[in-house]
Amino acid sequence: MGEQEKNRSVLPVHVGIIMDGNGRWAKKRFLPRPAGHRAGAQNFRTITRYCSKIGIKYLTVYAFSTENWTRPKDEVGALLRLFKEYLEEALRDFMDENIRVRFIGDVSAFPPELQVLIHEVEEASAQKTGMVLNLAMNYGGRAEIVRAARRLSEDVAAGRRDPEDVTEEVFSQYLYTGGQPDPDLIIRPSGEERLSNFLLWQSAYAEFVYFDILWPDFTTKDLDHALEIYASRQRRFGGV
């Protein structure tokens with residue numbers, strides 16, 4: 001068994017990717033920031049299909065955070081147009097892939113036509129049996145935890161839950177990713193080494209791999225390298 005095949009035998013079940021560095025990628029090339037987002041969106045398609053091909057069961061990508069609304073209006077507008085293009089493409093072409101698409105985050109903040117497309121993509125891919133792709137859009141880890149706590153509190157107040165029965169496992173069911181395994185591996189290109197409000201609860205025992213590579217330049221070989229690093233680590237989950 002070769003080294004690559006050996007490492008593939010310990011593939012993470014759930015991978016999270018913080019797609020970062022599009023703006024800097026564009027700036028280095030004297031291009032407008034939206035050009036970087038377009039390049040990043042194309043790379044997202046490549047990496048997603050590759051993850052599905054090699055057997056990743058769950059992939060969560062950070063596409064648009066709750067803080068991204070503070071960016072310049074034209075940049076936000078360009079991002080929303082890219083999301084619309086992706087969703088239209090997903091309905092037209094992406095459905096050939098055996099990938100179930102889910103959206104995590106408060107999508108009610110998006111324009112109505114985008115919300116309709118989000119619903120259509122989720123419905124159209126609901127019966128897929130392959131990789132689950134979580135698109136984190138208007139997502140923030142703290143906001144997710146607050147939302148889960150509010151929903152759990154409502155169930156307790158209504159008598160649907162006994163406070164004595166609330167455990168970490170029960171609380172996890174109220175998160176956007178309820179029913180899914182926690183991420184095993186979090187990858188962040190761009191040179192930054194922080195979570196940036198991504199999957200705060202779920203990442204308690206995730207392995208982290210950082211790259212000094214801007215997201216549009218992140219390749220499938222870089223992903224393979226991250227998987228090799230993951231395979232070389234011993235996960236103790238707080239034990240010895």
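A word on the source. This is a predicted model, where local features need pLDDT of at least 70, side-chain atom pairs count only at pLDDT 80 or more, and totals for chains, interfaces and linings use all residues. Residues are numbered from 1 along each chain as its sequence is written, and side-chain values use heavy atoms, with hydrogens and water left out.

Start with the largest nonpolar core. By nonpolar core I mean buried Ala, Val, Leu, Ile, Met, Phe, Trp, Tyr and Cys residues joined through side-chain atoms within 4.5 Å. Buried is under 20% relative accessible area, exposed is over 50%, and partly exposed is in between, with a 1.4 Å probe and protein chains only.

This core has 43 residues. I17, Y86, V101, L133, L135 and I187 touch the most other members. Helix α4, residues 73-92, gives the largest share, seven residues. Helices (H or I, at least four residues) and strands (E, at least two) are DSSP runs, numbered from the N terminus.

Take Y86. Leaving out residues up to four places away in sequence, Y86 touches F44, R45, F94, V101, L133 and L135. Contact here is heavy atoms within 4.5 Å.

There is also a second, separate core of ten residues, including Y139, Y176, F198 and A206.

Now strand β1, residues 14-18. Five of its five residues are buried. H14, G16 and I18 point one way; V15 and I17 point the other way.

Which strands does β1 join? Five bridges link β1 to β2, residues 58-65, in parallel. H14 stands opposite Y58 there. Three bridges link β1 to β5, residues 185-188, also parallel. V15 stands opposite L185 in β5. Strands pair if DSSP finds at least two bridges between them.
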